[in-house]
Amino acid sequence: MKLSFRWYGVDDPVTLEKIRQIPNMHSIVTAVYDVPPGELWSRESIAALKKTVEDAGLHFEVIESVPVHEDIKLGKPTRERYIENYKENIRRLGEAGIKCICYNFMPVFDWTRTQLDRQLPDGSNALVYYQDQISRMDPLTGELSLPGWDASYTKESLKQVFDEYGKLTEEDLWENLRYFLSEIIPVAEQSDVRMAIHPDDPPWPIFGLPRIITGEKNLDRFLKLVDSPYNGLTLCTGSLGSSKENDIVHLVDKYSEMGRIHFLHFRNVLLLPDGSFEESAHYSACGSLDMVGILKVLHKNGFTGYIRPDHGRMIWGETGKPGYGLFDRALGATYINGIWETLERLG
Ligand code: DNO
């Protein structure tokens with residue numbers, strides 16, 4: 001496994017110098033952030049990012065994310081231009097040494113929580129998803145905005161895109177994903193870049209919008225849409241793990257044995273009886289997932305891909321991007337190192 005850490009670029013309060021001091025840190029996970037979804041990333045921006053990361057002594061091999069334009073998900077005729085741009089971005093990133101691209105196929109909204117600063121009993125703050133809060137949220141009227149959401153929508157354009165999704169069935173979304181993959185995976189193969197889809201987070205439909213990358217049956221279907229090793233997964237333990245239907249250790253075992261996990265997001269969640277969940281510290285007993293079990297099967301299957309500690313709580317008075325502070329994620333990285341070293345020693 002190659003330990004990695006997400007970094008939001010030069011404006012991120014968590015600097016590369018700090019990230020580098022985390023033991024065993026290998027790669028930085030980042031993106032070109034100033035280009036709208038669907039547009040080309042300039043070679044200059046990619047080269048500048050690579051230089052900044054490498055000058056700090058870290059590897060530049062993973063991108064999270066190259067966003068998929070909504071017209072591709074909706075299957076509109078205009079998708080052709082955006083798919084061509086996507087292919088060109090893969091080629092350019094491959095030329096710059098990128099080995100893995102994380103992306104998602106969630107309609108309109110990326111990961112969704114109902115509160116970003118829920119105080120846990122130990123005084124830390126965490127991201128949570130409470131059913132009673134979500135049922136009161138209306139993205140079309142509220143002032144809701146979460147990190148990870150495309151901030152460029154006005155209320156009117158959001159309404160329009162919701163209307164377009166209203167006409168789309170879940171099967172249409174599958175077909176649009178198949179079409180997209182059939183176009184981009186050959187380019188990924190030629191460029192030696194492994195594509196790694198991120199599961200839907202949470203893995204069920206929200207606000208009436210369909211979501212399909214949700215669990216085992218659909219992951220099987222996804223991998224068969226284009227059956228290439230370059231068509232793989234970002235297995236996010238916390239996203240899939242927020243549904244009690246998903247047995248995460250089983251999923252990690254199955255898909256890593258198939259060689260289809262290219263990137264693993266290591267996150268623990270505490271499941272509550274009504275289907276709500278709280279993001280917890282990485283340590284297994286703090287949440288509902290068997291974090292040692294996850295690494296144990298990865299190790300058994302000879303996993304050589306990238307792994308990163310995922311969302312951390314805010315601890316020790318840190319402020320910053322919800323889920324993406326330094327301290328708790330660094331604790332997560334160290335926890336991964338401890339378990340992995342033990343697994344290596346025990347053989
Ligand atoms: C959340 C992240 C996601 C992820 C995208 C991938 O913190 O894991 O926002 O980056 O879904 O496209």
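Reply: On a 1 Å grid over the protein atoms alone, a cavity is a set of points where a 1.4 Å probe fits but cannot get out. Grid points are joined across faces, edges and corners, and a volume is the space filled by probe spheres set on the points. This is a predicted model: local features need pLDDT of at least 70, side-chain atom pairs count only at pLDDT 80 or more, and totals for chains, interfaces and linings use all residues. Residues are numbered from 1 along each chain as its sequence is written, and side-chain values use heavy atoms, with hydrogens and water left out.

A search of the whole structure finds two cavities of 30 Å³ or more. The largest cavity holds about 50 Å³ of space. Lining residues have an atom within 4 Å of a point. For the largest cavity they include Val-35, Pro-36, Trp-41, Tyr-82 and Asn-89. By class, this lining has eight nonpolar, three polar and one charged. Here Ala, Val, Leu, Ile, Met, Phe, Trp, Tyr, Cys and Pro count as nonpolar, Asp, Glu, Lys and Arg as charged, and the others, Gly among them, as polar.

Now the second largest cavity. Its volume is about 30 Å³. Among its lining residues are Leu-116, Asn-125, Arg-313 and Gly-323. Strand 6 (residues 125-129) gives the most to this lining, with three residues. Strands are DSSP runs (E, at least two residues), numbered from the N terminus. The lining of the second largest cavity divides into five nonpolar, three polar and one charged.

How values were computed:
On a 1 Å grid over the protein atoms alone, a cavity is a set of points where a 1.4 Å probe fits but cannot get out, and a pocket is an open set with protein on both sides within 12 Å along at least five of seven lines; lining residues have an atom within 4 Å of a point. Helices (H or I, at least four residues) and strands (E, at least two) are DSSP runs, numbered from the N terminus.
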